[in-house]
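Colleague: I have a model open and would like to go through it with you. Could we take it one point at a time?

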Amino acid sequence: MLHQRTSRHTPKTLEYYDYVLGKLMNWLRAQGISTVQQVETGTMRKFVLYLQDNLGANSVRTVLRGTRAFFSFMVKEEFLEKDPMVRVKTPLADKTIL
């Protein structure tokens, strides 16, 4: 979050990242995962299933967008060697029928 604050993101953007990372970190802890270095592609696919069971399609996409940004940042800042989200597909959004 320090990076977002120093990058002068709006309070709403900070709120969004807090929400997304809160969802991710709470789920990871419940899975017995305590560091991001333990997260693998399979872990993140399970996270997608968890989100699909508990959120609407658009909310799932919202959380995954922030999750992708987080892991991309972790690789860029050299906390991780590879991004566990690279091969994880984002589910399609629900189609609205007019």
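The questions and answers below go from the whole chain to single residues.

Modeller: Before we start, note that this is a predicted model.

Colleague: What pattern does the secondary structure of the chain follow along the sequence?

Modeller: The chain has four helices and zero strands. Read along the sequence, the pattern is therefore α-α-α-α.

Colleague: What percentage of the 98 residues in the chain are buried?

Modeller: Buried here requires a relative accessible area under 20%. Of the 98 residues in the chain, the share that is buried comes to 33%.

Colleague: Among contacts between residues at least 6 apart in sequence, what percentage join residues at least 24 apart?

Modeller: A contact needs heavy atoms within 4.5 Å. Among contacts in the chain between residues at least 6 apart, those joining residues at least 24 apart amount to 54%.

Colleague: How many Å does helix H4 reach from its first C-alpha to its last?

Modeller: Helix H4 covers residues 57-76, which is 20 residues. At 1.5 Å a residue, 28 Å is expected. The model is close to that, with a reach of 29 Å.

Colleague: Which helices do the buried residues of H4 pack against?

Modeller: The buried residues of H4 include Val 60, Val 63, Leu 64, Phe 70, Phe 71 and Met 74. Ala 57, Gly 66 and Thr 67 are also among them. The buried residues of H4 pack against helix H2 (11-30) and helix H3 (41-54).

Colleague: How far apart are the end C-alpha atoms of H2?

Modeller: H2 has 20 residues, so at 1.5 Å a residue it should span 28 Å. Its buried residues are Leu 14, Tyr 17, Val 20, Leu 21, Leu 24, Trp 27 and Leu 28.

Colleague: Are H2 and H4 roughly parallel or roughly perpendicular to each other?

Modeller: The axes of H2 and H4 come within 9 Å and cross at roughly 85°. Angles of 65 to 115 degrees fall in one class. H2 and H4 are therefore roughly perpendicular.

Colleague: How many residues of the contact of H2 with H4 are nonpolar?

Modeller: H2 and H4 cross at roughly 85°. The contact is made by residues including Tyr 16, Tyr 17, Val 20 and Leu 24 of H2, and Val 63, Arg 65, Gly 66 and Phe 70 of H4. The residues of this contact comprise three polar, one charged and, as the nonpolar count, 11.

Colleague: Is Thr 43 buried or exposed?

Modeller: Thr 43 lies in helix H3. Beyond its neighbours within four places in sequence, Thr 43 is in contact with Trp 27, Leu 28, Ile 33 and Gln 38. Its relative accessibility is 13%, so Thr 43 counts as buried.

Colleague: What is the C-alpha separation of Tyr 50 and Val 60?

Modeller: Tyr 50 belongs to helix H3 and is partly exposed, with a relative accessible area of 32%. Tyr 50 and Val 60 are 10 residues apart along the chain. Their C-alpha atoms are separated by 9.4 Å.

Colleague: Which residues does Arg 68 touch, not counting residues up to four places away in sequence?

Modeller: Arg 68 is part of helix H4 and counts as partly exposed, at 25% relative accessibility. Its C-alpha atom is 9.4 Å from that of Val 88, 20 residues apart along the chain. With residues up to four places away left out, Arg 68 touches Asp 83, Met 85, Val 88, Lys 89 and Thr 90.

Colleague: What phi does Glu 78 take?

Modeller: Glu 78 is in the segment after H4 and counts as exposed, at 70% relative accessibility. Glu 78 is not a glycine, yet its phi is positive, at about 65°.

Colleague: Which residue just after H2 takes a positive phi?

Modeller: The phi in question is about 85°. The residue is Gly 32.

How values were computed. Residues numbered from 1 in each chain as written. Predicted model: local features only at pLDDT ≥ 70, side-chain atom pairs only at ≥ 80, totals over all residues. Heavy atoms only, no water. Helix = DSSP H or I, 4+ residues; strand = E, 2+ residues; numbered from the N terminus. Buried < 20%, exposed > 50% of the residue type's maximum accessible area, 1.4 Å probe, protein only. Expected span 1.5 Å × (residues − 1). Axes fitted to C-alpha atoms, helices over the stretch in contact; angles between N-to-C directions. Parallel < 35°, antiparallel > 145°, perpendicular 65-115°, else oblique. Nonpolar A, V, L, I, M, F, W, Y, C, P; charged D, E, K, R; others polar.
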